[in-house]
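Please read the following walk through a protein model with the coordinates open beside the text.

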Amino acid sequence: DRHWSSKMKQAVRNDKTGLWDFSDLGDPLPPVPPVRRSASFIELDHMPHPGIAELIKSFVHVNCTMPVKLDGFPKNRRWGMGLVIDAEKGLVLISRAIVPYDLCDITVTIADSIIVEGKVVFLHPLQNYVIIQYDPALVDAPVKSARLSSEHLSQGAKTYFLGHNRIGRVVHGATTITEITAVAIPANTGAPRYRAINVDAITIDSNLGSTCNSGVLVAPDGTVQALWLSYLGERSPCTQRDEEYYLGLGTPTLLPVISTIQRGESPRLRLLSVEFRAIQMSQASVMGVSDEWIKKVTQANRSHHQLFMVSKRTFERVNQPVSLLEGDIILTLNGKICTTISDFDVMYSNEVLDAVIVRECEEMPLQLATVPADDIETDHAVSFCGAILHRPHQAVRQQISKLHSEVYVSSRIRGSPAYQYGVAPTNFITHVNKVPTPDLDSFIAATRKIPDNTYFRLKAVTFDCVPWVITMKKNDHYFPTMEWIKDSNEACGWRRVTYEGKEIFQGEAVDGVPPIAEDTDME
C-alpha cells in the first residue's frame with residue numbers, strides 16, 4: 001500500500017555536500033484489484049439465547065492507520081471491533097477513539113478471514129462514534145445487520161454483555177445496568193484532543209466492562225440496547241499513559257443519524273456550542289431556581305432529580321450573538337423540561353431553540369441559535385519543518401477563550417527542526433519574520449519566501465497566552481513543506497502539495513524523509 005508514501009527512495013551520502021541525496025527507485029506497481037472472498041463466522045456454544053449468539057455475525061475487526069497526526073491524537077495505529085448496522089450497504093459503527101479522523105487507512109476484517117478497505121462516512125462531533133463503510137460486494141459471508149432498540153435503558157435493568165477483550169477474544173455474560181449519567185471525561189491539558197461531551201454514559205456491574213474496549217449490551221431476543229465503546233481520556237501525569245474509559249452508549253441516540261445515512265444522505269447536525277454539567281436540586285436552589293421549578297423537575301423525572309448547567313463555552317469562529325453563558329441553568333428546551341442529557345438531542349435538528357434559563361438568580365426566556373457542525377472536522381493541514389499545523393480543532397476551542405491565530409501546532413516529528421528548536425504542540429504561530437500569519441495560506445506564502453538552510457523567526461503564543469519568539473533554521477532537503485488538503489476526488493480522500501524551494505510538486509517530492517516513521521512527540 002503505497003498511496004501515502006508512493007516513492008521508494010534510496011538515500012546515498014554525498015561526501016562533497018555532507019547531505020544524503022535521495023533518488024527514486026521506481027514507480028509503485030498498480031494496485032491488485034480486490035476480489036470477492038468467502039468465509040464463515042465462529043459459533044458461540046452454550047449461549048442462553050440463540051438471538052444473542054447470532055449477534056457474533058454483526059461484529060467486524062477494524063484496523064486504523066494514520067499517516068499524519070492531527071487534532072492532538074496520540075497514536076498512529078488503533079484497532080477495535082465494529083458493529084455492522086447495515087450489512088447490505090456495508091455500514092459499520094465504531095468508537096472515535098479507534099477512528100479519530102478521516103485522514104487514515106481503514107481495513108475491515110470480516111469473520112477473521114476477509115480483509116476489505118473501509119472509508120469514513122460520518123464522524124459525530126460530540127458522541128464518540130464514527131460510521132465507516134466497506135464494499136459488501138467483496139464479502140461472501142453471512143454478515144447480519146444488528147437490530148437496534150429504540151427504547152432507552154433504565155437503571156437496574158437486566159441485560160446481556162457481548163464483547164471483545166483487549167486481545168480480541170469474544171466474552172459474554174449476564175449483567176445489570178448500574179448507572180446512566182452524563183459522561184464527564186476530563187479534558188487533556190497537555191494537548192487538547194477529541195473527547196465525548198453532552199451524552200449519556202452507561203455503566204454495568206460486570207468486570208467484563210472494564211476489560212473490553214468494544215461490545216454491546218443486548219436483550220434476550222438479540223436486539224442491541226447499547227454499544228460498548230472506548231472513550232479516550234486525559235494523559236496521566238504519573239504514568240504518562242493515556243487513560244481510556246469503557247462505557248455504554250444507548251442506541252436510541254444513534255437512530256436519527258443512522259436512518260439519514262441509510263437513505264443515502266449526509267447528516268447535517270447543529271450544535272449548542274457549550275458543555276453541560278449535571279447539578280443537584282440543592283445547588284440549583286442556591287443558584288436561583290424557584291421551588292416551583294424544583295417541584296416540576298421532581299415530577300418530570302422521578303429517577304433523576306437534576307438540572308444542567310453550562311460548565312464551559314466553546315469558542316466559535318462565526319460572529320453570532322452569545323446566547324448561553326457559563327453558569328446558566330437550562331430549565332426547558334422547546335417546552336420540555338431538561339432532566340437528562342438526552343433531552344438536549346433536540347439541538348441536532350433545530351436552528352433555533354426556545355429555552356427558559358436561570359442566569360444570576362433570574363429566570364428568563366431565550367432564543368438559542370445553534371451552529372452547524374459541517375465545518376468542525378480538520379480538512380487542511382501543513383507539515384512544515386517537521387511540525388504538523390492546522391487550524392485549531394474543536395477540542396482546542398473547548399478549552400481556550402481566545403484564538404491567537406488559525407495556525408495551530410498539533411504535533412511534531414522527532415529529529416526535525418521543529419523538534420530541535422522547541423516548536424511545541426499547542427503553540428499558535430502568529431508571525432513569520434514579522435509578517436502576520438492569521439491562517440494557513442498566509443503562513444505558506446510567508447515561509448515559501450525563506451531560502452533553504454536559512455535562519456528565520458517565528459512569533460508564537462503558548463496555550464496559556466504567553467508570547468515568545470523562536471529562531472530556527474529551515475531544512476527543505478529533509479523536511480520539505482507539505483500541504484494536505486481534503487479532496488473527495490482523490491481515491492484516499494486527501495491530496496498533497498509539496499513545496500521544495502521554489503518548486504511545487506503535486507503529491508510527494510523526491511527529497512525528504514517520510515512525514516511519520518514512528519509515534520510523534522506530543523509532549
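The model is predicted, so local features need pLDDT of at least 70 and side-chain atom pairs count only at pLDDT 80 or more, while totals for chains, interfaces and linings use all residues. Residues are numbered from 1 along each chain as its sequence is written, and side-chain values use heavy atoms, with hydrogens and water left out.

The domain assignment divides the chain into domain 1 (37-140), domain 2 (157-263), domain 3 (271-372) and domain 4 (380-506). Such bounds come from an automatic or database domain assignment. Between domain 1 and domain 4, the C-alpha centres are 33 Å apart. Nine residues from domain 1 and eleven residues from domain 4 take part in the contact, where contact means heavy atoms within 4.5 Å.

The area buried between domain 1 and domain 4 is about 870 Å². Buried area is the accessible area (1.4 Å probe) that two parts lose on being put together, summed over both. Carbon and sulfur atoms give 60% of this area. On the side of domain 1, Asp71, Asp102 and Leu103 supply 45% of the area buried against domain 4, more than any other three residues.

How many salt bridges are there between domain 1 and domain 4? The count is one salt bridge, a salt bridge being a side-chain nitrogen of Lys or Arg within 4 Å of a carboxyl oxygen of Asp or Glu. Asp102 and Lys486 meet through their side chains in a salt bridge, at 2.5 Å from N to O. Across the interface of domain 1 and domain 4 there are also six residue pairs in polar contact, both residues being at pLDDT 80 or more. A polar contact is a pair of N or O atoms within 3.5 Å; within protein, one must be able to donate a hydrogen and the other to accept it, and residues adjacent in sequence count only if both atoms are side-chain atoms.

The structure as a whole holds 19 salt bridges. One of them joins Asp328 to Arg359, with 2.8 Å from N to O. This pair links distant parts of the chain, 31 residues apart: Asp328 is in the loop between β19 (306-313) and β20, and Arg359 is in strand β22 (residues 352-359). Helices (H or I, at least four residues) and strands (E, at least two) are DSSP runs, numbered from the N terminus. Asp328 and Arg359 are both buried; buried means under 20% relative accessible area, exposed over 50%, and partly exposed in between (1.4 Å probe, protein chains only).

Arg13 and Asp15 form another salt bridge, with their closest N and O atoms 3.3 Å apart. Arg13 counts as partly exposed because its relative accessibility is 45%, and Asp15 counts as exposed because its value is 67%. Asp487 and Arg495 also meet in a salt bridge, at 3.3 Å from N to O. Here Asp487 is buried, with a relative accessible area of 16%, whereas Arg495 is partly exposed at 30%. Glu54, Lys57 and Lys144 are linked in a network of salt bridges.

Next come two backbone angles. Most residues other than glycine have a negative phi. Asp112 has a positive phi, near 60°. Asp112 is in the loop between β7 (105-110) and β8 (114-123), and is exposed at 69% relative accessibility. Asn334 also has a positive phi, near 50°. Asn334 belongs to the loop between β20 (329-333) and β21 (336-337), and its 38% relative accessibility makes it partly exposed.

Is Asn128 buried or exposed? Asn128 is buried because its relative accessible area is 2%. Asn128 lies in the loop between β8 and β9 (129-134), and its side chain makes a polar contact with the side chain of Ser95 at 3.5 Å. Leaving aside neighbours within four places in sequence, the residues in contact with Asn128 include Ile94, Tyr194, Leu229 and Tyr231.
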